[in-house]
Amino acid sequence: MKTHERDLIVIGGGPAGLAAALAAREAGVPRVTVVERDHELGGILQQCIHDGFGNFLFRERLTGPEYAARFAGRIPEAGVETVLDAMALEVRPGPEHEVLVSGAESGLVTFRAPAVILAMGCRERTRAQLLIPGHRPAGVFTAGTVQRYVNIEGLRPGRRAVILGSGDIGLIMARRLTLEGVEVEGVYEIMPHPGGLTRNIVQCLDDYGIPLHLSTTITFIHGPKRVQGVTVARVDADRRPIPGTERHVDCDTVVISAGLIPENELSRGAGVALDPVTRGPVVDDRLETTVPGLFACGNVVHVHDLVDYVSMGGTIAGRGAAEYLAERAAGRTAAGGAGAAGEPVVAGEPGAVAEPGVVDAKREWCPVEPGENVAYVVPQRIDARRAAGRPQDRPVQFFLRVREPGRSADVTMTGRSPGGDVVLAHRRERAVRPPEMVAVKVRPDSLAPGVTAIRADVRAKGGDGDGR
Amino acid sequence: MATDPSRAADEALRLEVQADLDASPELSRYRLRAAVDDGVVTVVGEVETWDEVVAAGYLAAERRGVREVVNAIRAARVPPPVLEAAWPAPGPPLPGWVAQADVVVIGAGVIGAAIARELSRYRLTVVVLERSSDVACGASKANNGMVHPGIDPEPGSLKAILNVRGNALFEGVCRELDVPFTRDGFYGLTLTPEDAAILPLLKARGDVNGVPGVEVLDREELLRRVPGATPRATGAFFCPTAGMTSPYKLTLAYAENAVANGVRLFLETAVVGLDVEGGRVTGVRTNRGPIAARWVISAAGIYADRVSAMTGHQEFTIHPRRGALVIFDHQESGPAGASVGWFGLGMPKHSKGGGAMFTVDGNMEWGPDAEEVPDREDTAVTTEAVGQVVDKFSGLLPEFPRNAVIAAFAGLRAATYKEDFHIAPSRRAGGLIHVAGIQSPGLASAPAVAEMVLDLLRAEGILLIERDGWQPRRTEPPHVAGLPQGALAELVERDPAYGRIVCRCETVSEAEVRAAIRGLVPATTVDAVKRRTRAGMGRCQGGFCGPRVAAILAEELGRPTTAITKEGPGSWLFAGRTREGGLT
């Protein structure tokens with residue numbers, strides 16, 4: 001079996017992986033290889049033919065394939081090698097990490113590189129995980145699968161559909177199915193507030209007269225061969241169906257849009273510590289995981305709302321990998337030392353990481369903790385000294401999600417330092433909602449006074465933040 | 001047909017059963033009537049609920065001398081079954097069709113397939129008819145895979161005899177047919193001192209049944225051996241011979257081996273009638289035309305009583321008993337080991353209560369429960385059933401991560417009211433052998449059931465001459481998952497399609513999917529591919545591989561993708577193509 005030596009392997013050719021590969025090349029990493037399981041680059045964007053991508057990064061409204069092309073088009077000239085139609089089966093950590101790749105053209109090959117970026121994206125929550133009672137007929141699909149059938153395969157999954165969950169893909173598919181002549185009876189959301197972006201509620205449901213039923217869920221799927229209908233019921237504050245509110249809905253298709261889960265089988269196999277809240281790797285300011293030289297970006301780390309943020313993360317990871325390789329080349333990391341793979345740590349104790357591979361001054365992790373009304377913050381820890389030494393145009397990028405919606409919210413990053421608490425960054429958001437990420441930058445110079453811990457708080461004036 | 005002395009016995013039995021019905025506090029008000037013919041009790045009348053229908057059936061079965069019960073009672077408050085199979089539409093005879101056979105086997109579940117494989121040793125024309133699009137589509141795909149040790153059945157019952165014998169045969173069968181089988185044993189936990197006190201009696205029953213190596217354990221020994229067991233346990237029994245297999249893989253392997261040895265298997269072919277002349281069966285009528293046959297073996301599972309009724313004289317009733325199973329992510333399941341269940345005097349009368357066991361693929365699996373349902377196709381999973389299963393087994397294994405559920409499904413047990421296997425020649429039509437009432441421990445008993453059916457055929461006068469070149473072995477096609485790297489590299493070298501992974505959760509390659517479709521018992525549906533390859537069984541439940549598997553099926557079968565189904569007619573996946581100009 002062949003083994004190829006590279007400097008950086010990027011697993012996944014979606015928006016995160018492509019941005020990472022380009023950033024690494026721009027930062028001077030010589031041999032960069034992207035492994036992609038589909039027969040073309042772009043990942044899930046290829047099936048997202050609606051527009052609205054790139055608002056933030058390009059100030060344009062691009063379709064998914066157009067957005068992907070902005071990055072994929074630069075791959076050949078940037079000198080990035082691509083291995084398509086190939087699946088990474090295993091990542092074996094070591095002083096030189098090994099990635100086992102299987103593809104029809106490539107055969108079974110091993111790529112060996114000191115740095116690997118995990119950019120596999122995420123998967124959808126399924127009917128089984130929601131434990132929806134009933135038969136198990138044909139006609140129950142996740143929203144992303146329906147999107148692939150309709151937009152890539154040219155197949156119409158049914159005639160009359162209900163959508164369970166108001167996640168963004170479900171909302172987009174409500175519109176898409178309507179345009180394809182599938183009657184969308186309604187969207188049912190178990191929570192009292194919508195799961196997707198406000199703009200999608202307006203543009204995909206309101207504009208097409210598709211009702212959104214909040215605090216309502218499917219309590220039974222009728223079969224047994226093809227979906228014959230569903231029973232829906234309203235739910236109480238504890239999300240339990242309220243007896244007597246059941247209603248039968250005639251349909252032949254159930255589309256499930258109930259959330260995404262970071263895809264981390266490879267990360268887990270590599271011994272990377274995972275955060276139980278994000279279900280992605282614990283990462284630092286350069287998106288390095290707890291295993292030195294293994295980086296992660298995009299929906300592998302946490303599920304993003306906007307692809308622009310995914311690309312930004314890819315760039316951070318690509319630059320981070322370049323920085324790591326440069327440190328290594330300068331002898332500041334011990335290549336080949338025993339235990340260089342690092343020791344997986346328990347998430348939530350980021351301060352306690354031992355990194356035998358690193359021989360420069362003992363690395364002290366500055367933990368980043370969610371404070372008031374914050375569900376999680378990524379990165380979960382930073383090397384404050386390292387980050388403080390970077391140029392001012394490379395701030396530490398934080399992403400967080402709130403627990404509860406609110407209006408005119410103060411987002412504050414507070415640092416603990418020997419001299420007392422310091423505000424590292426502050427911004428005011430007109431509205432915050434759990435489905436929408438909040439991005440906050442912390443300038444390197446603000447970290448200079450020796451910050452040892454960081455806390456993120458979101459204090460809202462109140463209201464439901466549903467700025468429709 | 002019955003002689004005078006037996007008519008007198010029938011009348012005596014009728015009086016007893018009628019008296020029982022009239023004396024029942026629950027049922028007497030309905031004035032149900034019993035009739036007895038040749039030891040078979042038929043009960044008629046109308047009650048309110050399905051549970052009362054079932055209760056009457058059991059009551060009628062209680063008296064000594066009752067061979068079987070035909071339950072013709074209607075329930076006023078139960079609407080007629082709406083889900084029950086519309087039989088496959090009439091169609092043309094399939095390729096390889098024969099108008100005449102020595103033996104026709106009805107049903108390709110694990111029992112029908114095991115019998116067919118046994119028959120394939122001999123110079124006979126054997127035909128297996130299956131109404132579904134694949135083998136193992138009834139109880140054989142929806143049971144927990146446990147190969148029971150045989151400690152539960154009443155001593156002397158067919159269940160006891162065939163279970164213990166079948167269990168002993170399992171290793172050899174699975175080795176010959178290349179089917180996964182593990183033998184890690186079963187712990188039955190007691191939760192009260194009273195239940196612990198009767199464990200020695202249970203062991204005695206095991207000894208009588210011939211179950212090897214049964215042990216009675218005290219609490220400390222149990223907790224030492226099963227560290228995750230509840231500290232509330234008061235004791236346990238241990239059966240070292242309990243095992244696990246893949247029920248649908250075993251069925252498929254039996255069927256493939258039978259086909260390799262000349263048996264003809266016709267799928268989507270339903271028996272709609274029997275031809276009986278002069279008290280002897282002469283053939284079957286199907287939706288694809290008639291087949292003349294000298295012997296007919298009914299292994300029709302949940303519909304076995306319907307086949308019996310086709311003789312004009314129904315000999316028993318099957319009542320579906322549903323069981324729900326819950327499957328957990330194998331990454332959360334921990335290292336595989338022995339199965340665990342509950343044992344106690346408060347156990348339901350007609351169920352062993354299921355277990356917490358590891359599938360041969362390493363997933364923890366809990367269940368099944370037991371619930372009587374009126375509709376023979378009602379495999380719905382209910383919130384109550386899943387809740388009961390999860391509560392029960394998290395009571396036995398309190399530390400197990402109960403939230404890591406990846407799937408829940410239900411199957412129907414084909415129970416008779418006598419609750420024993422009914423394996424016997426029909427008393428109404430010569431040449432017809434009923435293999436009915438096969439529920440748990442039917443899987444464990446399957447190899448022994450096949451032996452017994454051959455013995456019955458011999459007794460009926462069939463001439464069995466061994467076929468030259470009978471091939472007992474069948475080989476499982478290669479699977480990428482779990483293959484050592486060197487072997488995988490070789491495989492991909494030989495056929496690059498083994499390198500193209502279509503199911504990322506379970507690491508299934510395109511070549512495996514194609515092999516399943518080209519197999520001796522070809523997969524023609526998405527679910528049939530899933531059972532053979534595991535594509536779609538993982539965490540994403542087919543979200544990623546579904547479109548790819550459908551496309552490969554379409555290509556291999558030469559059909560449009562829109563004609564591909566989940567599990568045969570009626571389970572359509574696509575309503576058609578999108579509008580013109582769609583991306584393809």
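How many salt bridges are there between chain A and chain B? I count three. My cut-off for a salt bridge is a side-chain nitrogen of Lys or Arg within 4 Å of a carboxyl oxygen of Asp or Glu.

**Ground rules.** I am working on a predicted model, where local features need pLDDT of at least 70, side-chain atom pairs count only at pLDDT 80 or more, and totals for chains, interfaces and linings use all residues. Residues are numbered from 1 along each chain as its sequence is written, chains are lettered from A and ligands numbered from 1 in the order in which they are written, and side-chain values use heavy atoms, with hydrogens and water left out.

**Interface.** I looked up one bridge across the contact. Glu332(B) pairs with Arg268(A), with 3.9 Å between the closest N and O atoms. I also find 17 residue pairs in polar contact between chain A and chain B, both residues at pLDDT 80 or more. A polar contact is a pair of N or O atoms within 3.5 Å; within protein, one must be able to donate a hydrogen and the other to accept it, and residues adjacent in sequence count only if both atoms are side-chain atoms.

Helix H5 (residues 143-153) of chain A gives the largest share of the chain A side, seven residues. Helices (H or I, at least four residues) and strands (E, at least two) are DSSP runs, numbered from the N terminus. By class, I sort that side into 22 nonpolar, 15 polar and 17 charged residues. Nonpolar covers Ala, Val, Leu, Ile, Met, Phe, Trp, Tyr, Cys and Pro; charged covers Asp, Glu, Lys and Arg; the others, Gly among them, are polar.

The contact (heavy atoms within 4.5 Å) takes 54 residues from chain A and 52 residues from chain B. The buried area is about 4,600 Å², and carbon and sulfur atoms give 56% of that. This is the accessible area (1.4 Å probe) that two parts lose on being put together, summed over both. In chain A, the most area is lost by Arg136(A), Leu155(A) and Arg156(A), together 13% of what that side buries.

Arg156(A) turns up again. It stands opposite Gly576(B) in S28(B). Strand S13 (residues 155-156) of chain A and strand S28 (residues 576-577) of chain B run antiparallel, joined by two bridges. Pairing requires at least two bridges found by DSSP.

**Salt bridges overall.** Arg31(A) bridges to Asp7(A) at 3.0 Å between the closest N and O atoms. The two are 24 residues apart. Arg31(A) counts as partly exposed at 40% relative accessibility, and Asp7(A) as buried at 15%. Buried means under 20% relative accessible area, exposed over 50%, partly exposed in between (1.4 Å probe, protein chains only).

Next I took Asp284(A) and Arg386(A), which meet at 3.1 Å, N to O. Asp284(A) sits in a loop and Arg386(A) in helix H10 (residues 384-388) of chain A, so the pair ties together parts 102 residues apart in sequence. Both are buried.

**Backbone.** Most residues other than glycine have a negative phi, and most peptide bonds are trans. I noted exceptions. Another cis bond joins Gly367(B) and Pro368(B), omega about 0°. Arg239(A), not a glycine, has a positive phi of about 65°. Arg31(B) has a positive phi near 50°. Arg31(B) counts as exposed, at 68% relative accessibility.
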